[in-house]
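Q: I would like to learn how to read the strands and helices of a protein model. Could we go through one together?

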Amino acid sequence: MNDQAHGHILSACEQGIATITISNPARRNAFSVAMLQAMRRAVEANLADPHCRVLVLRGAGGCFSAGGDINDFRATLYLEAPARLDAYRALIENWVNPVILALRRAHQPVLSVVQGACAGYGLSLALASDCVIAADDAIFSTAYTGLALPCDGGQSVFLMQALGERRARELMWSARRVAAPEALALGLVEQVVPVAGLDAAAQTRSAQFARGPRHALSEIKRLLVAAGPSLEAQLAAEALAFARCAATMDFVEGVTAFADKRAPLFRGR
């Protein structure tokens, strides 16, 4: 695949700080299938590196990630419903869920540095992180119901843990845009800083993690993750729910309407 057409995932590790950059600025760092595959490889390789003390996720060009690339969604609309169901279930189980599980199981702290759009799978990555620093221009959204989809990447678990059922349902049903100050008040992020100070704040926090007591930080993370519901079971349930919805005509309408820049007309079929 052509990197220029599909974006790419950049990776570097310096002084114990590994940084993975989602780079597809022309499409607000939306993930193509090729980028999902590269993301899994980059996450697993960095977390397995003995020199990695902390993993930082960020986006290129003033944006974190707008989620999945609508062009890749459109490319599947020709499939019959059963084939679409199988394709999306396999996509999520092979390339989305392993990344989320790797981030949660990692002994290293995971820091997301968010500027601009953070939606769909981009939001899932941020929620799966241990800490989120957001610029004051960051906008968060579950985004999925605009395409007649539920969620993926553990959103149903992470939002429930952070917000409780009622608020989680409201954000997921409405897919509304949540500005950085509200995200901070809701507990979706740990820190909000001016855009000009984002890099400095990220460097300070990642250096603190890298210098910290790695075994103690790892044990705290393990204990907190273990105290929640079964992420594996919920990821599997999300993958099946996503795939079932992707097999509907409402999904076809949602993707087509998004590409046509018009409001969707969902008919419940």
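Q: Which residue in S7 is the bridge partner of Ala117?

A: Strands of a sheet pair through backbone hydrogen bonds, either parallel or antiparallel. Here the partner of Ala117 in S7 is Ile139. S5 and strand S7 (residues 139-141) run parallel and are joined by three bridges; two strands count as paired if DSSP finds at least two bridges between them. Before we go on, note that this is a predicted model: local features need pLDDT of at least 70, side-chain atom pairs count only at pLDDT 80 or more, and totals for chains, interfaces and linings use all residues. Residues are numbered from 1 along each chain as its sequence is written, and side-chain values use heavy atoms, with hydrogens and water left out.

Q: What is the order of the strands in the open sheet of three?

A: The order is S5-S7-S8, and the pairing is mixed. Strand S5 (117-119) and strand S8 (178-179) are the edges; each has a single partner strand, so one side of each has no neighbour in the sheet. H5 packs on this sheet and touches S5 and S7, its direction making about 85° with that of S5. Names such as these are DSSP runs numbered from the N terminus (helices: H or I, at least four residues; strands: E, at least two). Angles run from 0 to 180 degrees between N-to-C directions, with axes fitted to C-alpha atoms, for helices over the stretch in contact.

Q: Why is helix H5 described as largely enclosed?

A: Eight of the eight residues of H5 (residues 121-128) are buried, so the rest of the structure largely encloses this helix. Buried means under 20% relative accessible area, exposed over 50%, and partly exposed in between (1.4 Å probe, protein chains only). Among the buried residues of H5 are Tyr121, Gly122 and Leu123. H5 also lies across strand S2 (17-23), strand S3 (54-59), S4 and S6, at about 135° to S4.

Q: In what order do the six strands of the other open sheet come?

A: They come as S1-S2-S3-S4-S6-S9, again with mixed pairing. The twist averages 20° from one strand to the next. Ala134 of S6 is the bridge partner of Val114 and stands opposite Val192 in S9.

Q: Which residues of S6 lie on each of its faces?

A: In a regular strand the side chains alternate between the two faces of the sheet. In S6, Cys131, Ile133 and Ala135 are on one side and Val132 and Ala134 on the other, and all are buried.

Q: At what angle do helices H6 and H7 pack?

A: Two packed helices are described by the angle between their axes and the distance between the axes. Helix H6 (residues 155-163) and helix H7 (residues 165-174) pack at about 130°, with their axes 7 Å apart. The contact (heavy atoms within 4.5 Å) involves Ser156, Leu159, Met160 and Leu163 of H6, and Glu165, Arg167, Ala168, Leu171 and Met172 of H7.
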